[in-house]
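Please read the numbered points alongside the sequence and the structure.

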Amino acid sequence: MEQPISVTRSNFNDWMVPVFAPANFIPVRGEGSRIWDQENKEYIDFAGGIAVNALGHAHPVAVNALTEQAKKLWHVGNGYTNEPVLRLAKQLTENTFADKVFFCNSGAEANEAALKLARKVGLDSGVAGKSGIVAFKNAFHGRTLFTVSAGGQPKYSQDFAPLPNGINHVAFNDLDAAKAVINEQTCAVIVEPIQGEGGVIPADIEFLKGLRALCDEFGALLIFDEVQTGVGRTGSLYAYMNTGVIPDVLTTAKALGGGFPVGAMLTTDKYAPHFSVGTHGTTYGGNPLASAVAGAVFEFINTPEVLEGVKHRHQYFLDALNTLNAEHQIFEEIRGQGLLIGCVLKAEYAGKAKDITTWAGEEGLLALIAGPDVVRFTPSLIIPEQDIDEGIARLKRALAKLAK
Ligand SMILES: *Cc1c(COP(=O)(O)O)cnc(C)c1O
């Protein structure tokens with residue numbers, strides 16, 4: 001076989017548009033919750049590709065689904081449907097509140113579809129000006145112009161003005177603030193059950209219940225962005241299942257494909273017909289390859305053993321992190337659900353989350369941040385306990401550098 005082109009990390013700076021600043025090593029291979037770089041250095045993976053690699057790396061269930069489908073049919077375009085996408089739609093609708101699914105390729109696209117659907121439902125309602133969207137400060141919904149505008153972090157949107165208008169941001173977990181802006185002109189409220197990128201901040205159940213009541217009162221769609229919290233991440237199939245609140249629209253991506261790009265917008269028979277033929281679309285959405293992988297990943301995760309295992313690992317992680325913290329006094333708070341865990345730095349270490357993940361890399365651990373003050377872990381949902389132990393040991397060595 002011909003030698004592949006030789007590449008190094010510095011080539012990133014040579015050839016890549018500089019929107020990212022990746023670590024100074026290049027992962028080349030993974031198995032379970034371990035990864036190896038070009039120098040064959042091993043890393044424990046507590047990042048999981050940002051809450052994506054739900055089954056870790058190279059899991060046989062995902063590999064088999066991908067390779068079997070790859071031999072049959074990759075892509076047909078939306079002039080034809082296909083078997084894997086229909087099977088996946090059946091799985092998603094049978095196991096959630098939803099009756100109908102729109103498939104796409106990412107979280108941003110799923111939210112884009114959700115917001116466009118809400119605008120269309122608002123238009124079709126006949127109520128003049130029913131196009132207002134209520135969103136929350138500090139939220140993250142993706143990087144398209146509409147979703148970055150719905151997101152509540154101006155640093156991601158302000159450089160791209162003029163932005164789509166009609167979006168109102170109020171404080172997260174502040175029901176009175178939401179009440180003050182939700183009215184007859186509101187077509188949607190979009191909220192994350194746990195703000196992920198914003199710092200792993202869970203929504204209060206009373207807050208979500210209040211939003212549900214306000215949406216019912218004013219005929220607005222309640223959209224749950226479960227791109228990060230979905231597909232077993234919290235120990236339930238979807239986080240809304242922990243809340244007793246049922247949304248009208250749910251968006252899911254990240255872990256859905258276990259690493260293969262796929263996203264979906266779920267909704268009910270009440271709203272789906274507003275997206276009539278030609279009103280929205282995508283070339284790749286519902287592609288047979290992505291759907292086959294997602295179907296296999298979904299089937300594997302949606303079992304009591306795997307979901308219970310996430311809850312068990314949550315406790316295991318928390319015990320280990322609390323022990324570490326009792327010794328080193330670095331974290332003010334450790335929060336989150338299931339395997340979406342945020343460690344908030346004490347005030348004296350504010351702004352050091354990125355440094356900690358860099359030092360973690362040096363010690364052989366992949367970890368994430370969620371803002372400048374929160375170290376975030378979103379590992380595989382089936383990470384072995386011995387890998388958790390080893391990762392925590394490496395984290396401990398990384399944190400020792402903070403003291404210096
Ligand atoms: C990651 C994320 C998105 C965006 O998903 P992409 O696949 O990057 O477009 C949207 N919402 C939430 C809550 C996310 O965590």
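**Notes on the predicted model**

1. Axes are lines fitted to C-alpha atoms, for helices over the stretch in contact, and angles run from 0 to 180 degrees between N-to-C directions. The model is predicted: local features need pLDDT of at least 70, side-chain atom pairs count only at pLDDT 80 or more, and totals for chains, interfaces and linings use all residues. Residues are numbered from 1 along each chain as its sequence is written, and side-chain values use heavy atoms, with hydrogens and water left out.

2. Two strands pair if DSSP finds at least two bridges between them.

3. A188 in β7 is the bridge partner of I133.

4. A polar backbone atom of A108 is 2.7 Å from an oxygen atom of the ligand. A polar side-chain atom of K254 lies 2.6 Å from a ligand oxygen atom, while a polar side-chain atom of D225 is 2.7 Å from a ligand nitrogen atom.

5. T229 is in the loop between β10 and β11. Is T229 buried or exposed? With 1% relative accessibility, T229 counts as buried; buried means under 20% relative accessible area, exposed over 50%, and partly exposed in between (1.4 Å probe, protein chains only). The side chains of T229 and E226 make a polar contact at 2.8 Å. A polar contact is a pair of N or O atoms within 3.5 Å; within protein, one must be able to donate a hydrogen and the other to accept it, and residues adjacent in sequence count only if both atoms are side-chain atoms. Leaving aside neighbours within four places in sequence, T229 is in contact (heavy atoms within 4.5 Å) with P193, I194, T234, A239 and L340.

6. L340, in β14, stands opposite Q337. Strand β14 (residues 340-345) runs antiparallel to β13, and six bridges join the two. Both belong to an open, antiparallel sheet of four strands in the order β13-β14-β17-β16. The edge strands β13 (331-337) and β16 (368-369) each pair on one side only. Helix α11 (residues 304-328) packs on this sheet and touches β13, β14 and β17 (374-377), its direction making about 180° with that of β13.

7. Strands β1 (residues 27-31) and β2 (residues 34-37) pair in the antiparallel sense over four bridges. R29 has W36 in β2 as its bridge partner. The hairpin of β1 and β2 has two residues between the strands, and G32 there takes a positive phi near 60°.

8. How many salt bridges does a search of the whole structure find? The search finds 20, a salt bridge being a side-chain nitrogen of Lys or Arg within 4 Å of a carboxyl oxygen of Asp or Glu. E42 and R34 form one, at 3.0 Å from N to O; E42 is partly exposed at 23% relative accessibility, whereas R34 is buried at 18%. In another, the closest N and O atoms of K120 and D124 are 2.9 Å apart. K120 and D124 are separated by about one helical turn because they are four residues apart in helix α5 (residues 107-124).

9. R397 and E363 also meet in a salt bridge, at 3.1 Å from N to O. This pair links distant parts of the chain, 34 residues apart: R397 is in helix α13 (residues 385-403), and E363 is in the loop between α12 (353-362) and β15 (365-366).
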